[in-house]
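Please work through each task before reading its solution.

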Amino acid sequence: MSIAKQIMVVEDDESLGFLIKDSLSTHGWAVQLYTTGEKGLTAFHNHIFDLCILDVMLPEKDGFDLAREIRKYNQGIPIVFLSAKNQTEDRIKGFQIGADDYVSKPFSLEEFKYRIEAILKRTGSNQTISADRSSVLQIADSTLDIHNLLLTAGGVSTRLTYKECGMLQLFFRHPDKVIERDVFLKTIWEDDGFFVARSMDVFVSRLRKYLSHDTALRIENIRAVGYILKRVAAA
């Protein structure tokens, strides 16, 4: 049985977003809808998608900026821009960022569906390999299986919660780099309140325990800034 293609739609016009989701879903694709650039970026970090459809004019983070962030982590995933702006310079900007298509509003949902199908057929085999690879991250003697929420450190496996897996994703994608507390709070929790911040400290302590089986990795606290996953040289 084939696995449905996973599509992320980021569109702040909820009516249009619903119509796009409904139209593409009838084609058998699994479609997730988000209404802001930040929510789209959080979803991208926490899930594996086969294609991203991004409105250009989004609150919090516009579609161009969101696409640039996505390209930092995945150079191969197809990106389609939607925009009411049809100026040549905007279309050129979209393609320079790495768009596979730039669709001007209003547009035919039927035609749009065939555009998406053509892109998925063209990129399908390569993207599947890319998605499979990016869903399993490895550092030192530790492996993070994002799809199955499973961390294996030093031969010891631990089933994770979604938030634990989300935090480890950030650590594994940015080893030896300080990650600010606000990045965790706004990306994983989408909240920076005091009690949420205290909850994050508990999560970090838990992750330290999980990773303790791998002596080559250590999570350190950078006072008043954030945390860093350090690769420790063998003694």
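**Exercise 1.** Determine how many aromatic pairs there are, and characterise two of them.

Solution. Rings of Phe, Tyr and Trp (its six-membered ring) pair if their centres lie within 6.5 Å; planes under 30 degrees apart count as stacked, over 60 as edge-to-face and the rest as tilted. Under this criterion the count is five aromatic pairs. One of them joins phenylalanine 64 and phenylalanine 81, edge-to-face, at 5.0 Å centre to centre with 80° between the planes. Phenylalanine 64 belongs to helix α3 (residues 63-73) and phenylalanine 81 to strand β4 (residues 79-83), so the pair ties together parts 17 residues apart in sequence. Helices (H or I, at least four residues) and strands (E, at least two) are DSSP runs, numbered from the N terminus. Both phenylalanine 64 and phenylalanine 81 are buried, where buried means under 20% relative accessible area, exposed over 50% and partly exposed in between (1.4 Å probe, protein chains only). Phenylalanine 107 and phenylalanine 112 form a tilted pair, 5.0 Å centre to centre and 40° between the planes.

The model is predicted: local features need pLDDT of at least 70, side-chain atom pairs count only at pLDDT 80 or more, and totals for chains, interfaces and linings use all residues. Residues are numbered from 1 along each chain as its sequence is written, and side-chain values use heavy atoms, with hydrogens and water left out.

**Exercise 2.** Identify the residues with the most contacts inside the largest nonpolar core.

Solution. A nonpolar core is a set of buried Ala, Val, Leu, Ile, Met, Phe, Trp, Tyr and Cys residues joined through side-chain atoms within 4.5 Å. The largest has 28 residues, and Leu144, Leu168, Phe171, Phe172 and Phe184 have the most contacts inside it. Elements that each supply at least two residues of this core include α6, α7 (181-189) and α8 (194-211). A second, separate core of 21 residues includes Val10, Tyr34, Cys52 and Tyr102.

**Exercise 3.** Is helix α6 largely enclosed or open?

Solution. Helix α6 (residues 162-173) has twelve residues. Nine of the twelve are buried, so α6 is largely enclosed by the rest of the structure. Among the buried residues are Cys165, Leu168, Phe171 and Phe172.

Conventions. The expected span of a helix is 1.5 Å times one less than its number of residues.
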